[in-house]
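Here are my notes for your read-through. Please keep the structure open beside them.

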Protein chains: 2
Amino acid sequence: MEFFNVITPDGFVELLAGFPRLAGEAVPLDGALGRRLAGEVAAREDLPEGARSTVDGYAVRAEDTFGASDAIPALLKLAPAVTMGTVPGFKLAPGHAAPIPTGGFLPQGADAVVMVEYANPAGAGAIEVSRPVTLRTNVLGRGEDARAGEALLGAGKLLRAQEIGFLAALGVAEVEAFRRPRVAIVSSGDEVVPVGREPRPGQVRDANGHALAALVRDAGGEPVAFDIVPDDAAALDRTLRAALDAADVVAISGGSSVGARDLMASAVAALPGAEVLAHGVAIRPGKPTLLGRCGGGAGHAVFGLPGHPVSALVVAQVFLAPFLRHLQGAPLRKGPEGREVAAALASSLHSTIGLEEYVRVRLERADVGPGGARGDGETPTAHPVWGKSGMLSTLVRADGVVRVPMNAEGLARGAAVPVILY
Amino acid sequence: MEFFNVITPDGFVELLAGFPRLAGEAVPLDGALGRRLAGEVAAREDLPEGARSTVDGYAVRAEDTFGASDAIPALLKLAPAVTMGTVPGFKLAPGHAAPIPTGGFLPQGADAVVMVEYANPAGAGAIEVSRPVTLRTNVLGRGEDARAGEALLGAGKLLRAQEIGFLAALGVAEVEAFRRPRVAIVSSGDEVVPVGREPRPGQVRDANGHALAALVRDAGGEPVAFDIVPDDAAALDRTLRAALDAADVVAISGGSSVGARDLMASAVAALPGAEVLAHGVAIRPGKPTLLGRCGGGAGHAVFGLPGHPVSALVVAQVFLAPFLRHLQGAPLRKGPEGREVAAALASSLHSTIGLEEYVRVRLERADVGPGGARGDGETPTAHPVWGKSGMLSTLVRADGVVRVPMNAEGLARGAAVPVILY
C-alpha cells in the first residue's frame, strides 16, 4: 500500500477541525489553571459590593474640598475612622472627613477620598485639605470591577492566574471547563522493548511512548499507556479496539518500514466504523502519517504516527498537540506551539517543492533559549542541526524549528526566518 | 514605617539570585517533563547499538555498487532478508544484497544500504542496482546518535518531550532533577474571607490566595495553602513561623494600607534569623513589596506582596515566578515570562521617572493572543487597558503587558514596543 491519500499540512488541520470539542465538566477553581471555559461565566454580584478607597486618606464629600489649596486649605472635622472588614456604621456629615485605609469601604455620604499626602492635622479633631477632589476621586465604585449579571468571561476563555483571581473575588469556586482528552499511547514494532528492559541485539527501546506521553501532558491531555504491540494484524486490532474503548484519541506509532506501515493502515481501516481521512501528509519529516476516524457518533481520532522517534515527535508537535488543545476549546492552529523569535539563517537550506519541511535549528546568542526569548538585542543566528534521519540527538541539540513552506526550493543563507522555540 | 530600602527591579533580581538552587531528587522519566536536570546525564551505552538502515532497501557492500548506472547496473545475489527485532545471523558475502526494512540492523559485512527505488528484480534470487552507494550511505552507525560514556545532557537542562524520548531510547528510566519548591501561600487582612464564604458588608473574598497558587503551579512550584490571617501581630507571627516550617518559600500578601503594611514588615523582621533584604521596589504597580531571608542555612525567601490583587499578581509575575524557576535550575530573569510580540502603541503612555511600570495592554489583531503569536502578518496595536488601581478586570481584559523603563517619562503613541503575552 503506498500513500493513496497524501494531503497538505493545512488540509490535515482542516480534517482535525472536523472533530468536535469535548464536553464540559465541573472543575474546582484551584484546578482550573490552563483550562478553557466550556460556557460563559456571569457575575452573580457586584464587585466591589460597595464603594472602596484606593488610597490611604480621608473619606469626604467632594464638594467640601472645592477650591482648597495650600494657601486656603479646606478645614474639615474628623469623623470616626473606617476600619477594614466592616462597613462604617455612621453617615458622613457635611464638613467632615473620615480616616480611611486603602481598600476601606466609604461611609454613607462620602463620595471621594483625599490622599493622606494632601491632608494635615489642624488641631484637635480636624484636618486641613490642601487639594480639591472631584466626585469619585480615589474611589472604586460599587460594581466598577464587575456588575451582577454581566458576562465576565466567554466560552473558550483560557484561565490564567488572573482569571482565577478574578473568579475567586466573585465567589466562583468552580467552573465548567472543557474536559481533558484521554489519549491512548501505543508503540508498535517487533523490535521495540520497554525502557526498563535490556534490549537484545536488534531490539530498541520505546522512545516514542515516553516522548508522546510527555507531549500529551504538555498539551493538557491525559496519556493512557498501552503495552507495546508487535507487527501482527491480530495484536494490532486487539490493542486498537482496547485503546478506542479507553480513550478519546488514539496515537499509535510504528511502521517505519513499508511492510509495518501497511499493517498499521489495514488495522486502522478495519476498525468498527473506521474511515481513513488521510494516508500520508506532505511534510518532512513525518510523511507516513495516517489519520482515521473510528467508532460511533462524532468519532474518535486515530493518529498513526511514524515509527522513527524524530518523525513521530515532529508530527505530534505539528498536529497532535494543537488538536488536543482544540478538543479543549483552543483555536486550532498548526504547531509546533512555542514562542517565535526572528533569526538569520546561518547556512542555506535545500528543500523539496511539495513538502513542508521542519528543520531543527540551534540558536546562537547567549540569552535566547526555550526558557525565554527577549525582544531586545541583536538578531540571533539559526544553525541547522544536521544529522541522519532518525537521530534523536538532533532534536535534543535543537532550540527550535524553522518551517520551510511547501512551495519553496529552500532558504538562502542569511534569510530572516521565524524560529519556533519548543 | 515608610519604605526604608527601596531598590530597583534589577537590584531585586540580584537579591533573588543570592538564594541557592534546591537540591536534586530522583524523578521517574514520565514525571520529568518541564523539570531541569540537577546533574549531568551520560550515556551508558551506544545508540544505536549496531548499524541500522535508515531506509527500506538492500544491505550491501558499498564497493559492489561502484560504477553502477541505469545502463550498466550491478548484479547482486539475494541474501536472506533482515527482520526487525533481531540481528542477522549471517555474514553478507561479496556480491550479495540482503533485503532490509527501515530500522533493521545491518548484517556483518554490509556497510551501506541501497534504497528500494534503485534496485530491480533480476530473475530468481538476484537484483540489479542502478546507483552506486558509498560507505555508510543510508546507515546510522553504531553510537552515531549517542556514544557510551558521552555527556548527553548537562545540569540545568530543561526536559522537553524530545529529551524524554532521547533518555528513554538510552534506557534512562529515572533522572536527578531539581526539587520543586514548596511555596506557602498566606493571605492577610481583617477584611479578607475565603472564597466559599459569603462576605459580610465590608469584607472581600480572597482573590490573592487562588491567583498566587495558580501562578506558583505554573512556575513548577507546589502551593501550600494557609488560612487567612487577620491584621494582628501575634497571628501573623504564628502563621509565618508555620509557613517557614512547611515550605521553601513564603508568599504572604496583604497590607494595602500603611498600617497593615507596617504590621507585616515588623512580623517578617521579627522572625528567627530574619533579614529584610528589600522594603519597597521601584515598580508600578507593586511598590510596597518586601523581601526577607529567614531561618538557618541558606535561608528561606519570604515575599511580602501587596494586598491589592493586581499589584500582588504583577509582583508575583515579575519576581516570584522567575525566582521559583531559578530554584529549579533555570536562569534567573525578570518576568513576566511569556512570548513577546512586537506591537505599536495605540495611545501614548505617561510614566514616572524612577519607576519601572507594567502597563496592561490588549492586542488588536484577530490571530494574536495568549495562545499563540505568529511572526507573519502585520504588527498588532497595543491598547492600554485603563482602570482604577485594584481593578482585577483590567488584568483579565489584558493580553499582556508593556514594560516602561525606569528612566522613561513615557512612551509615545505609535511607538514600537514588545508586548509580553501571559
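**Notes on the predicted model**

1. Helix α4 (residues 233-246) of chain B packs on helix α5 (residues 258-269) of chain B, at an angle of about 45° and with axes 9 Å apart. The model is predicted, so read these values as computed from it. The two helices, α4(B) and α5(B), are therefore oblique to each other. The crossing of α4(B) and α5(B) is right-handed. On the α4(B) side, the residues that meet α5(B) are Ala233(B), Leu236(B), Asp237(B) and Leu240(B). Facing them in α5(B) are Leu263(B), Met264(B), Ser266(B), Ala267(B) and Val268(B). By class, that contact of α4(B) with α5(B) holds seven nonpolar residues, one polar and one charged.

2. Pro9(B), Phe12(B) and Leu16(B) make the contact from α1(B). Val318(B), Phe319(B), Phe323(B) and His326(B) make it from α6(B). Six of the residues in the contact of α1(B) with α6(B) are nonpolar, one is polar and none is charged.

3. Next, the contact between the chains. Chain A and chain B each put 83 residues into it. Among the elements of chain A giving two or more residues to the side that touches chain B are α2 (161-169), α5 (258-269) and β22 (340-345). The most comes from α3(A), with nine residues. By class, this side of chain A has 39 nonpolar, 25 polar and 19 charged residues.

4. Pro199(A) sits in the loop between β14 (192-193) and β15 of chain A. Is Pro199(A) buried or exposed? Pro199(A) has 20 other C-beta atoms within 10 Å, so it counts as buried. Beyond its neighbours within four places in sequence, Pro199(A) contacts Val193(A), Val204(A), Arg205(A) and, from the other chain, Glu49(B).

5. Now the nonpolar core. The largest one has 276 residues. The members that touch the most others are Ala59, Val250 and Ala251 of chain A, and Ala59, Val250 and Ala251 of chain B. Take Ala251(A): sequence neighbours within four places aside, Ala251(A) contacts Val183(A), Ala184(A), Ile185(A), Leu212(A), Phe303(A), Leu305(A) and Leu320(A).

6. Two peptide bonds deserve a check. The bond joining Leu47(A) and Pro48(A) is cis, with omega about -10°. Pro48(A) lies in the loop between β2 (41-42) and β3 (52-53) of chain A. The bond from Arg284(B) to Pro285(B) is also cis, with omega near -10°. Pro285(B) lies in the loop between β19 (283-284) and β20 (290-294) of chain B.

7. Arg136(B) is not a glycine but has a positive phi of about 70°. Asn138(B), not a glycine either, has a positive phi of about 60°. Arg136(B) is in the loop between β9 (126-129) and β10 (139-140) of chain B, and Asn138(B) is in the loop between β9 and β10 of chain B. Arg136(B) is partly exposed, with 16 C-beta neighbours inside 10 Å. Asn138(B) is buried, with 22 other C-beta atoms within 10 Å.

Conventions. Residues numbered from 1 in each chain as written. Chains lettered and ligands numbered in written order. Predicted model: local features only at pLDDT ≥ 70, side-chain atom pairs only at ≥ 80, totals over all residues. Core = buried A, V, L, I, M, F, W, Y, C linked by C-beta atoms within 7 Å. Buried ≥ 20, exposed ≤ 12 C-beta atoms within 10 Å, placed from the backbone. Contact = placed C-beta atoms within 7 Å. Helix = DSSP H or I, 4+ residues; strand = E, 2+ residues; numbered from the N terminus. Nonpolar A, V, L, I, M, F, W, Y, C, P; charged D, E, K, R; others polar. Axes fitted to C-alpha atoms, helices over the stretch in contact; angles between N-to-C directions. Parallel < 35°, antiparallel > 145°, perpendicular 65-115°, else oblique. Left-handed = near helix turned anticlockwise from the far one by under 90°.
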